Amino acid sequence: MPSYVNPEKCDGCKALDKTACQYICPNDLMVLDRETMKAYNRDVSMCWECYNCVKICPTQAIEVRGYADFVPLGASVTPLRSTDSILWTVKFRNGTLKRFKFPIRTTPEGAAVPDGGYSSSKDLSSPALFTEPGSLGLPEVFTLKKEAPHA
Amino acid sequence: MPEFEKVIVETDLLILGGGMAACGAAVEAAYWAKENGLRVTLVDKAAVDRSGAVAMGLSAINQYVGLKDGANTVKDYVTYVRNDLMGITREDLVANIARHVDSTVHLFEKWGLPIWKDAEGKYVHEGRWQLMINGESYKVIVAEAAKNALLGSGNGQIFERVFIVGPLMDGDRCAGAVGFSVRENKLYFFMAKATLAAMGGAVHVFKPRSSGEGMGRAWYPPWNSGSSAYFTMKAGAEMTCQEVRFIPVRFKDAYGPVGAWFLLFKSRATNSTGGNYMVERQAELENWLPYGKVKPVPANLRNYLGMLDVMEGKGPIYMRTEEAIQKIAESYKNDPKEHKKKMKELESEAWEDFLDMTISQAILWAGTNVQPEEKSSEIAAAEPYFIGSHSGASGAWVSGPEDLQNEQTKGEYFWGYPNMSTVAGLFCAGDASGASSHKFSSGSCTEGRIAAKAAIQFIVDHNHPPRIDPQALDAQAKEILAPLALYEAHAGATTDPEINPHYVKPRMFMFRLQKIMDEYAGGVTSQFTTNKAQLDRAVELLDYLKEDSTKLAAANLHELMRCWENIHRMWQAEAHVRTMLFREETRWPGYYFRSDKPKMDEEHWHVFANCRYDPGTDHWQMLKRPIHQIFA
């Protein structure tokens with residue numbers, strides 16, 4: 001299907017100018033039906049099953065049913081993503097259940113500092129990028145001018 | 001047809017795309033732009049948080065050289081890439097990325113990306129160049145740094161959901177880009193002193209193996225629609241390695257990654273009789289010397305050995321996951337408690353590999369009751385893709401850096417600004433730049449940084465706004481919106497808007513392109529094999545398709561984007577077919593096989609096969625460019 005919307009849970013992200021799934025879908029597939037105020041996936045054969053709509057949905061209304069042209073029915077893979085980790089529940093066709101939890105980031109959300117705390121270069125004409133050589137952990141950037149290539 | 005508002009945005013540096021290369025460019029450009037009082041504008045057709053090829057996440061960083069620990073040298077990386085691409089690579093470009101990539105990976109870690117560490121605090125390697133990560137939020141984190149850089153600097157802005165159709169030109173100089181919003185009736189004209197193309201590679205040029213819902217489950221994302229290639233070709237840029245498609249061998253159907261299985265878990269792949277093609281077909285490698293004998297065996301030759309098994313009817317090919325896991329756990333067999341713990345750990349690692357980057361593969365395992373520690377899974381060669389990263393090489397021909405040239409190369413590979421194409425003011429990075437393979441996510445982000453810094457230097461040196469002819473803008477606006485106008489004019493002629501003699505909808509147009517490429521240009525159903533007669537026929541059929549591209553019709557903004565995406569794909573297809581025709585040999589047998597020229601010809605074809613579309617004359621020029629080694 002791949003991602004589909006449970007009408008019982010979807011509230012069309014009301015009061016927002018666009019739904020969360022519409023905002024995030026990298027392939028512009030999620031749309032809000034203005035009449036029913038429910039979202040839907042407009043072209044399931046162009047869906048990558050990236051799960052970004054599933055992860056972002058504030059009411060957990062979106063799930064994925066594996067591609068019907070090659071996946072036997074009955075399985076599901078469900079994420080629960082928090083600010084620092086993700087919990088996955090994998091349900092097998094035969095009923096087996098597995099759970100996995102993985103970290104997703106080591107810093108608070110929004111806290112990525114572009115220069116990473118490395119001091120900045122001032123020379124626009126040098127090969128060094130703005131955080132280098134500090135961010136390389138080396139005294140200088142490799143170049144042919146200074147050392148023979150076979151060194 | 002509704003009125004479209006024309007929005008003109010003037011900026012200094014224009015970054016097109018929102019993936020790893022574009023985000024790297026944004027981070028770097030924001031700093032140098034502020035230092036020099038310049039503005040930066042980034043345009044993404046999706047939402048930067050989850051756009052590009054890393055939108056789902058990744059389970060590994062595939063390029064880390066380890067320079068600070070002395071693990072490898074820049075030369076080591078160049079040697080690896082040269083061999084993997086059968087000798088066809090720009091060593092200056094590969095070295096430039098390799099000397100900077102560790103710096104970018106160290107930034108990823110500071111930004112918050114969890115990189116696996118061992119007990120001593122060292123990075124856990126998947127292979128020699130690969131690091132294991134908990135990468136579900138890899139793109140979110142990199143996008144966050146890019147947004148903080150651009151919006152925090154006070155001189156940057158971001159447009160999301162604006163689809164870029166093509167270049168704006170001021171004579172021979174690239175002067176920006178034109179596109180439209182996929183959310184509201186607005187046309188955008190971005191006028192810039194320099195433009196950086198980083199709009200990814202091309203997927204769905206060839207017919208995918210799955211033809212129903214599963215069509216969307218391409219190995220590379222379906223939203224990579226050839227926009228970089230189209231943009232650079234239409235600007236008149238010289239292109240390189242357009243024949244070098246990439247064919248990944250992946251877990252069959254859902255295209256789950258195999259890297260962790262081959263490299264980390266040391267798994268074997270065996271055929272239906274239990275034979276290992278990497279062992280049984282060793283002799284075949286002698287036909288592809290000197291590259292057949294290098295270690296690791298080039299990706300396309302590994303593909304080829306497996307394909308020979310399949311063509312001989314020895315499939316399916318299985319990844320022996322159960323054997324690999326049992327082997328690792330074997331050393332714990334005398335300690336049941338430790339053995340259980342290790343098995344649990346391996347199971348979790350195996351599943352995370354899929355859940356981080358190819359969740360469909362986890363669904364397929366669950367749907368077929370596969371527990372990898374108990375049962376093997378099929379692998380297969382996927383349909384062809386166009387990417388400048390990974391083991392592909394297609395993209396624009398760009399200048400290298402001055403300080404990585406030798407006497408032979410400085411006149412050939414350097415023309416003023418690193419990563420500038422042959423069109424003044426047009427820079428390329430990631431999948432948009434060619435002949436610099438194996439940059440993956442980290443190298444693409446790094447190349448974005450390199451290109452952005454160079455583009456700022458270009459602007460400082462050429463700090464005058466482009467001149468645009470307002471009448472040319474009106475003509476471009478009309479051309480972009482033509483599919484909407486055509487639909488409105490004729491939709492009422494039939495009872496079903498999908499079938500209409502006056503136009504073709506983008507979906508069927510894409511199927512027509514895919515069928516041509518699949519059957520004549522060496523797709524899956526022709527076992528990746530083609531010849532001159534087939535390619536000539538492909539050119540003929542592509543000509544009809546090109547004529548019919550003026551008959552594309554769109555019912556709404558989403559379909560308008562689909563129309564243009566498929567025109568972009570069509571141009572990538574044409575460059576590919578023309579370059580396969582031009583290169584009269586077989587050099588990458590596991591990517592495509594020219595049955596009329598079945599051998600590698602080092603004497604005549606150890607060269608770059610380049611092409612250039614001339615927008616003035618509407619003709620293609622094919623040319624050879626020499627290969628010079630810098631790291632002998």
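Buried residues, meaning those with 20 or more other C-beta atoms within 10 Å of their own C-beta atom as placed from the backbone, make up 61% of the 632 residues in chain B. This is a predicted model, in which local features need pLDDT of at least 70 and side-chain atom pairs count only at pLDDT 80 or more, while totals for chains, interfaces and linings use all residues. Residues are numbered from 1 along each chain as its sequence is written, and chains are lettered from A in the order in which they are written.

The secondary structure of chain B comprises 17 helices and 21 strands, taken as DSSP runs (H or I of at least four residues for helices, E of at least two for strands) and numbered from the N terminus. Chain B has a radius of gyration of 24 Å, close to the 26 Å of the globule rule for 632 residues, so it is as compact as a globular protein of that length. Here the radius is taken over C-alpha atoms, and the rule is 2.2 Å times the number of residues to the power 0.38. The C-alpha trace of chain B spans about 80 × 55 × 50 Å along its principal axes. Two residues are in contact if their C-beta atoms, placed from the backbone, lie within 7 Å. Of the contacts in chain B with a separation of 6 or more, 76% join residues 24 or more positions apart.

Helix H13 of chain B (residues 470–490) deserves a paragraph of its own. A kink of about 55° lies at B:Leu481, shortly before the proline B:Pro483; the bend is the angle between axes fitted to the seven residues ending at a position and the seven starting there. Buried positions in H13(B) include B:Ile480, B:Pro483 and B:Tyr487. The buried residues of this helix pack against strands E7 (162–170), E8 (173–181) and E9 (186–191) and helix H16 (557–582) of chain B.

The domain assignment, automatic or from a database, gives chain B domain 1 (249–381) and domain 2 (479–601). Eight residues of domain 1 are in contact with seven residues of domain 2.

Turning to the two chains, the contact takes 65 residues from chain A and 72 residues from chain B. On the side of chain A that touches chain B, E6(A) gives the most, with four residues. By class, that side has 40 nonpolar, 17 polar and eight charged residues, where Ala, Val, Leu, Ile, Met, Phe, Trp, Tyr, Cys and Pro count as nonpolar, Asp, Glu, Lys and Arg as charged, and the others, Gly among them, as polar.

Terms used:
Buried ≥ 20, exposed ≤ 12 C-beta atoms within 10 Å, placed from the backbone.
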